[in-house]
Amino acid sequence: MPASVSRPPFPTGLRLLNWLLGGWTAVVFVFLYVPIAVLVVYSFNQSRLNVIWTGFTLDWYRRVWEHRPLLRAAQNSLVIAAVSTALSVALGTVGAWLLYRYRYRAARGIQTLVAVPMVMPEILMGISLLIFFATLGMGLGFTTVIIGHVTFCFPFVLVAVQARLKGLDPALEEAALDLGATPLRAFWLVIVPCLRPAIVAGGLMAFTLSLDELIVTFFTTSAASATLPIRVFGMAKVGLNPMLNALSAIFILATVAFVLCSDRLRRASR
Amino acid sequence: MSPTTLKTRPPALVAAPPEENRRRPRLLAWLLLAPMLLWLAAFVVIPTAILAVYSFCERDEVGRVVYRFTLENYRRVFEPVYLHIFWRSIVYAALTTAICVVVGYPVAYFIARAREAWRHKLLLLVMIPFWTSFLIRTYAWITILKQEGLLNGLLQSLPLGIGPLDLLYTPTAVVIGLVYAYLPFMILPIYGSAEKLENAVIEAAYDLGAGPVRAFSSVIVPLTMPGIAAGTLLVFVPAIGMFAITDLMGGAKVPMIGNVIQNQFLQARDWPFGAALGVVFMLMFAVTYWIVQRRGAQMG
Amino acid sequence: MKPSRFLLAAGLLLGTAAALSAKEELNLFAWSEYVPQKVLDGFKQETGIEVNYETYASNEELLSKLLAGGAAYDLVQPSDYAAEVMIKQGLLAPLDPALLPNRKNLGAQFRHLPHDPDDRYTVPYMTGTVGIVVNTDVVKDPIRGFRDVFQPKFKDRIVVLNDNREIVTWALYTRGISANAISKENLEQIRPVVADWIKLIKVFDSDSPKTALLNGDVDLGVVWSGEAAILWRENRKFKYVLAEEGAHQFIDVLAIPVAAKHKEAAHKFINYILRPEVSKLISDEFPYTNPNVEARKLLSPEQLANPASYPSEGKLETFHDIGKLAADIDRLMTDLKSGR
């Protein structure tokens, strides 16, 4: 019989574990952000070639705002990523739920098919999608790019949500149904909130993948829908312009600031 | 007895949903799944079929695909040099995945147990570095790791006697680059499955006399296994086909299977052979995944 | 329908129709960082034609996208051998000489080139070479050719292009074989040469080999002349040498695909580019070799002095398409790279 009172004191071992975990997380964050710090510092580099530090300047920040094609490409990337993420989350979450809920006979086949876009080399996906679109007579542009992005992003959402479903309490849906909810309302009001962490995780992955996608986009894009990676990749030939660093730095600083200040905004709106 | 509410029975007592709970699909269930199935059919099955057709064709002098049936491409795929390259890609991917699990799991766990307000913030902060341009990020790493780079500069300023490290364009730099790129895809799924899940369980474990290490290894890790499995899938599978990072950080000295397939469509202009390589590659994955799923279901 | 609404709808329709017909556009599919924005803006200002500039990073990407896709471009910018492939496949439309009077500005050595002997389909845009860059601060030996570069004492101090055909060509040159005389026997002959070279190379990079040279990670490189010119502009210590055994000259051309919808606009653009003052703008941004002799007269002495942009004479050869043998080259290089 363990020597414990009805409400045991917090064991010191657990506190130590928490501290260790926190310290390790800090180290990993340093690892993640060191190249970003370097990138931001080099956005002030005088040399156009972005390789050797020659001096300090704010010139590139000014030039970014004047460079229309680059800004347009950045805008395209964000729009495409946002739409692709929304569609991927919808497709992935609903797909994961249905596969969990019902015993489809072809379940294993469907599951494998879902995972295929993750393994398919990007050039194969790009060229085969292009051939498919061309055969259908479909013009290239935002739609075709988004289709390509959603195809390889939604498996990530689906897998992430499935992982959480495996630990889900089946009594939850039963309880909701017993209380008179339709299956749809039970799904939307009870299950989805429980799945939220995995949906958020999946959505973040999908967004990130879409922002950085190059090869599939190349084969499915038109001039109007060209994304930032395509522009950036071409610039490597003449030296990656510090303008790109400036653009990235602006975006990073904006999002980090938003993240850190977001509860002040939330508190203000309450 | 440790306090448990009616709603949160310890999930350890609940495995995958009991089979009676999972209903046999009626028409409605199939209809609801139809959008996803149609999407897969149109944008995965048909493109793969196109590739499969190409893989049985020949190419002519000018590089066009000629619709004459041949098995030559598949014969070539199984030559030792390509099998060796497949294997090398798998090894790098496996190593990357293993390191990501070890490095990323504690982070995911920490974030999952952090205060509510901080959870989403930390998650976003994990992802934000990857919203910069891939090339710029990788060039930043090159600036850090190169001979006269920041890392060596730091090491030499410290009186530790560690000479300048020749890291760039070596397998070490490649692994650093790969782990960097894939870490978030391990952290996020583990977080997704581990969040908010264990408080009652951990308390139960401690009540029953387990120390922190045992609580961790016997209770927490098994519960977060689905997350780890998901992270492994989401890192290992894409990593096999990755070659951009190995090229940039490793000097493109050693070909990965991604390089070889890409080359067939670009430099060699031998689309049928590239398609055959791709089909075999995807088939190997599909078969392995199929078997793994069956074993997973058997182990229940 | 109320009269006001009807008028509004009609107005919108007419307006759109007018806008669509007035706004002519040109779909340009070209190398990225090869057509300066100033040139596109100037063209639009003069003719009112909007240029949609889509980009690729290699000839093979151009060919793949065209062959797979049916994307309708009005103007493309292949290199010589890619243009040759496209001509053989009937993908290019013949040019109308009457619409290209400025063609006379091109130097005589850039006419009747091997890939298009009658100058029917293509107009040279910019040219360059592949040669040797030496960091003369570190390497004091005289470097005259590939044999001087690939010596054991330079192990792990060399960067080369990640282009299988290029590397094979250099090896062929050291055996006195022409770049286009590729055969299975010749490839076997140079196999040991390349195998030795690979052991000495530190980095393969076709996108930005100058990075490794600037970083000091390597001291020698076999790179595009454009890269070498940029290096020379950064620091005069980077000298450019055309290998004495032989050098590859590439010529990037402008051509109009058969399926183009705006052929007249495309002709206008080509003629516009051939103007000396416009061509000079291109040279200002990108230090490649300008085939437009009238434009060269407008360049600054410093630009003309860049040895990578305007090298002294050398044994130059352009590439022909080698058809199926490209696959053999790829196989050879995959074998050798994998074998280390």
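1. Helix H3 of chain B (residues 80–112) packs against helix H14 of chain C (residues 325–339), with an angle of about 50° and 10 Å between their axes. The model discussed here is a predicted one. An angle of about 50° makes H3(B) oblique to H14(C), and the crossing of H3(B) past H14(C) is left-handed.

2. Which residues of H3(B) and H14(C) meet? From H3(B) come B:Val81, B:His84 and B:Ile85, and from H14(C) come C:Thr334, C:Asp335 and C:Ser338. By class, the residues of this contact of H3(B) with H14(C) are two nonpolar, three polar and one charged.

3. Between chains A and B, the contact involves 84 residues of chain A and 89 residues of chain B. On the side of chain A that touches chain B, at least two residues each are supplied by H1 (12–42), H3 (68–101), H4 (107–119), H5 (122–136), H6 (142–165), H8 (183–212), H10 (228–235) and H11 (242–269) of chain A. The most comes from H1(A), which gives 16 residues. This side of chain A divides into 60 nonpolar, 16 polar and eight charged residues.

4. Chain A also meets chain C, in a contact that takes 23 residues from chain A and 24 residues from chain C. On the side of chain C that touches chain A, two or more residues are given by each of strand S2 (50–56), helix H3 (59–69), helix H8 (210–215) and helix H9 (225–234) of chain C. Which of the elements gives the most to this side of chain C? The element is H3(C), with five residues. The classes on this side of chain C are seven nonpolar, 11 polar and six charged residues.

5. Turning to the fold of chain A, the chain holds 11 helices and zero strands. Read from the N terminus, the order of its elements is α-α-α-α-α-α-α-α-α-α-α. Chain A is more spread out than a compact globule, because its radius of gyration of 24 Å is well over the 18 Å that the globule rule gives for 270 residues. Along the principal axes, the C-alpha atoms of chain A fill a box of roughly 70 × 60 × 40 Å.

6. Within chain A, 49% of the 270 residues are buried. Of the contacts in chain A between residues at least 6 apart in sequence, 78% join residues at least 24 apart.

Key: Residues numbered from 1 in each chain as written. Chains lettered and ligands numbered in written order. Predicted model: local features only at pLDDT ≥ 70, side-chain atom pairs only at ≥ 80, totals over all residues. Helix = DSSP H or I, 4+ residues; strand = E, 2+ residues; numbered from the N terminus. Rg over C-alpha atoms; globule rule 2.2 N^0.38 Å. Buried ≥ 20, exposed ≤ 12 C-beta atoms within 10 Å, placed from the backbone. Contact = placed C-beta atoms within 7 Å. Axes fitted to C-alpha atoms, helices over the stretch in contact; angles between N-to-C directions. Parallel < 35°, antiparallel > 145°, perpendicular 65-115°, else oblique. Left-handed = near helix turned anticlockwise from the far one by under 90°. Nonpolar A, V, L, I, M, F, W, Y, C, P; charged D, E, K, R; others polar.
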